[in-house]
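Good morning. Please have the sequence and the structure open while I talk.

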Amino acid sequence: MHIADDLIVRAERESDHCAVDSVLRNAFGHRDVADAVNAARNSEFYNSSFSFVGDLCDEVVAMAMLAPVTLEGIAAVELAHPTAGAMLVELVDPASGVMALATVAVTRAYQHQGVGAVVVRAAIRTAQVRGLSTLVVVGDPRYFQRFGFEAAAKVGLTPGFDVDPDTFLALPIKGLARTGVVEYSMPVMALATPVG
């Protein structure tokens, strides 16, 4: 039995914030990404149902976050905000439902054991269920190709920020209705994706 087999992936709760902060600091070796995630949580676009934790025996050991993007200045995903006691509702425009896999992190002690793959797959399943057309990510092509990501340029998406184009990847989930320049809507540009 592998450690990843025992991992439970669930939506991040407010009570997880300190544990997620520790995972990010441990995975990256500094607190810049943790600070960016905290800033993202305070963004008007943040929705906890798009932020995931990997829970292993009641210990948060991994996280992943999906973030809305804009496509040529048009909001790709509109997120309805909850009212007291109400459930979160996502209003996804299927014609332009593009989001970014903004960050993936695994505590060093659990890297290279399939834990990162479990949280990435959970994020992809959520994107499928929510009716998104595409996920984009900035990351190592060798890692993300196993999940179906390919060069974003192949599907007509280009980054509106300075990044090595070989690391800007896209995963078509449904037929793409729009192509164009992708900009991130939340303060996640500092985020990277160390996975294991």
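This is a predicted model: local features need pLDDT of at least 70, side-chain atom pairs count only at pLDDT 80 or more; totals for chains, interfaces and linings use all residues.

Helices here are DSSP runs of H or I with at least four residues, strands are runs of E with at least two, and both are numbered from the N terminus. With that naming, Gln113 sits in the loop between β7 (98-106) and α3 (115-129).

Asn47 belongs to the loop between α2 (32-41) and β2 (51-56). Asn47 has a relative accessible area of 4%, so Asn47 is buried. The side chain of Asn47 makes a polar contact of 2.7 Å with the side chain of Ser49.

Now the charged residues. Side chains of opposite charge can pair when their charged atoms come close. How many salt bridges does the structure hold? The structure holds 7.

I will start with Arg10 and Asp16. Their salt bridge has its closest N and O atoms 2.6 Å apart. Arg10 counts as buried, at 17% relative accessibility, and Asp16 counts as buried too, at 5%.

Next come Glu12 and Arg41, whose side chains meet in a salt bridge of 2.6 Å, N to O. Glu12 is in the loop between β1 (8-11) and α1 (17-28), and Arg41 is in helix α2, so this pair ties together parts that are 29 residues apart in sequence. Glu12 and Arg41 are both buried.

The bridge between Asp140 and Arg142 is 3.0 Å, N to O. Here Asp140 is partly exposed, with a relative accessible area of 32%, and Arg142 counts as exposed, at 68%. Elsewhere, salt bridges link Asp21, Arg25, Arg31 and Asp35 in a network.

On to the nonpolar residues. In soluble globular proteins, nonpolar side chains tend to be buried together. In this model, the largest nonpolar core has 29 residues, and those that touch the most other members are Leu66, Leu101, Val120, Leu135, Phe144, Phe147 and Phe149. At least two residues of this core come from each of β2, β3 (59-71), β7, α3, β8 (134-138), α4 (141-144) and β11 (168-172). Which element gives the most to this core? That is α3, with 7 residues.

Take Leu66 as an example to find on the screen. Leaving out residues up to four places away in sequence, Leu66 touches Phe50, Phe52, Met99, Ala100, Leu101, Ala102, Ala123 and Leu135. Apart from this core there is another, of 15 residues, which includes Val23, Val33, Met63 and Met65.

Let us turn to helix α1. At 1.5 Å a residue, its 12 residues should span 16 Å, and the end C-alpha atoms are 16 Å apart, so the two agree. Which residues of α1 are buried? They are Val20, Asp21, Val23, Leu24, Ala27 and Phe28. These residues cover an arc of only 160° around the axis, which means that they lie on the same side of α1. After α1 comes Gly29, which has a positive phi, near 80°.

Cys57 has a phi near 50°, and Asp58 has a phi near 65°. Cys57 is in the loop between β2 and β3, and Asp58 is in the loop between β2 and β3 as well. Are Cys57 and Asp58 buried or exposed? Cys57 counts as exposed because its relative accessibility is 71%, and Asp58 counts as exposed at 75%.

That is the end of my part. Thank you.

Conventions: Residues are numbered from 1 along each chain as its sequence is written. Side-chain values use heavy atoms; hydrogens and water are left out. Buried means under 20% relative accessible area, exposed over 50%, partly exposed in between (1.4 Å probe, protein chains only). A polar contact is a pair of N or O atoms within 3.5 Å; within protein, one must be able to donate a hydrogen and the other to accept it, and residues adjacent in sequence count only if both atoms are side-chain atoms. A salt bridge is a side-chain nitrogen of Lys or Arg within 4 Å of a carboxyl oxygen of Asp or Glu. A nonpolar core is a set of buried Ala, Val, Leu, Ile, Met, Phe, Trp, Tyr and Cys residues joined through side-chain atoms within 4.5 Å. Contact means heavy atoms within 4.5 Å. The expected span of a helix is 1.5 Å times one less than its number of residues. The arc is that of the directions from the helix axis to the C-beta atoms.
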